[in-house]
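The entries follow the order in which I looked.

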Amino acid sequence: MNVTPLEGLSSPSLAERYRRRDDKVCGLFGGHPSVSADWQRRAAALDAAAERRADRRLLAQALRAYHARLPKHEAVSRSLERLERPDSLVVVGGQQAGLFGGPLMIAYKALTVIQTARYAEGLLGRPVVPVFWIAGEDHDFDEANHVYVAAADGELTRIRIERPEGPRHSVSRTPLKQRDWEAALDALAAALPETEFKPGLLDRLRKHAADAPTLTLAFARLIADWFASAGLLLLDADDPELRALEGPMFRQLIERNDELEAALREGERAVKSLGFPLQAESTPGSANLFAHLDAGRTLLFKREGRFADRKGNVLFSRDELLSLADEDPARLSNNALTRPIMQEFVLPVLATVLGPAEIAYWSVLGPAFERFGMSLPLIVPRQSFTYLEPNIAKLLDKYGVTAEDIVREGAEKKAQWLAEQDKWRLEEKFQEVRDRFAGLYGPILDTLEALQPALRKLGESNQSKIMEQIDYLEKRAVDVLAKQHEAGLRQWDRMRLSLAPQDRWQERVLGIVHFLNRYGPKWLDAWNGVPFDPTGGHRLVEGLLDQA
């Protein structure tokens, strides 16, 4: 196995400067995973604040009940037992659900959570449990309802489930019908190329969807299938049993909402002072909380001591909202800026694994955490990878390019290669014709203008039509050239589809199931052998299955 950094492809973003331990940026977070003393300091802070968190026994009870709905594994049972120990801590990372497991970056986040927990346990000499937080309370169904795979014809295909008609409830509260799942599974079966692993993969997916689950539950079953052997615990942010533990923090967020808003503004000013844009700017007057209503998941705003929707329609008095926090917290929901605070209340979070955008919006949260008597956990950048498939590695060698070349300028390199196949120098010759024609036609235009000024416009129109015909003939000639090298161009397209689909990072587009269909379950297991780097970074992985 070869694991090498993909250098020079990261922008000088806030997340990248944090990863590289820029002192000014690290000051927004209070620590860094590359510093051993920061791990010790964070563990000590959690021990001191243990009484201010949710009841650990009830937390384990809620997670045990949730896991009863998922594939079972002894390692998960052991993790639940360890979570109940008063000296245990957790590493947590989360993501919204994705159809059939979603894109590769979700697997990489789960892997990072697992590896970080192992790393921290070795560092601290005490139990550290990996936890994956599924953001099932989000209501953006279109973010969760699709997956991309490369079809048998080499084209990128999106498989999706349409959102049911009606109010926009959270993904965990959006029921799906069996026909929805069957249509998506049939579309996936038609798109995936035939391999020895395809029947088993589809059988597993059909099993998890047999009772027409929500997208969140089907996703949780798959993640449990893939990572339970590592002891990864799963929780759904919209799980009613978990929500029952969150009432005290919802009460604080309601009672001290003006303080929360002021603290977020303070954090935003600190980020802006370093010259960075805000990833998730708080909205003036927003309570940074949602309510689950018949009309859907609704963002709340403060209006003269009451809480209203965006249009100003009053929904709750302050006392009514506090009663919900005490008696029915499942009707409340966090937004992106209050979810981290709730996570801190529910779990003994030693570290949280975040992607680049998440690191950017967590950067404003320091003052809010302090206002609620908390401190930020250690932020561990999610490990980021591009997987170099064996057949793609051979094509890179054949054409004398690197993975970085394809990711950075694949279209340009492809055009350059095609131009090199042009022994007739078509572009040069056609440009020469255009230049000579323009030179010959110029005096004619001058003569026409002298003869009658209006004739020049007619002459320019005539010149433009002739130029269009020259352009058309050049395009036809280039098309013929491309046809002669069609096989080679398809290989260039295969390199781009694998390494930079849609001109984006591979991990953000191609689904986990795309690779499981090609390489089987051992492919996913082999990622456990990739060396862990607590500072993250984007790395190219080759020969993953050589040691499997």
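Entry 1, the chain. I looked up burial and found that 54% of the 548 residues in the chain are buried, where buried means under 20% relative accessible area, exposed over 50% and partly exposed in between, with a 1.4 Å probe and protein chains only. I note that this is a predicted model, in which local features need pLDDT of at least 70 and side-chain atom pairs count only at pLDDT 80 or more, while totals for chains, interfaces and linings use all residues. Residues are numbered from 1 along each chain as its sequence is written, and side-chain values use heavy atoms, with hydrogens and water left out. I then listed 23 helices and 15 strands in the chain; these are DSSP runs, helices being H or I of at least four residues and strands E of at least two, numbered from the N terminus. Along its principal axes the C-alpha trace spans about 90 × 60 × 50 Å.

In helix 5, residues 74-84, I found Ala 75, Val 76, Ser 79, Leu 80 and Leu 83 buried. They lie on the same side of the helix because they cover an arc of only 145 degrees around the axis, the arc being that of the directions from the helix axis to the C-beta atoms. On the other side of helix 5, Glu 74 and Glu 81 are exposed. The cover over the buried residues includes helix 4 (56-67) and strand 2 (89-95), with contact meaning heavy atoms within 4.5 Å.

Of the 44 lining residues, Gln 95, Gln 96, Asp 138, Glu 143 and Glu 358 are the closest to the centre. Helix 15 gives the largest share of this lining, five residues. By class I recorded 20 nonpolar, 14 polar and 10 charged residues in the lining.

Helix 10 (215-227) is one of the elements that supply at least two lining residues, and its share, four residues, is the largest. The lining divides into nine nonpolar, three polar and no charged residues.

Conventions:
Nonpolar A, V, L, I, M, F, W, Y, C, P; charged D, E, K, R; others polar. 1 Å grid on protein atoms, 1.4 Å probe; cavity = no way out; pocket = protein on both sides within 12 Å on 5 of 7 lines; lining within 4 Å.
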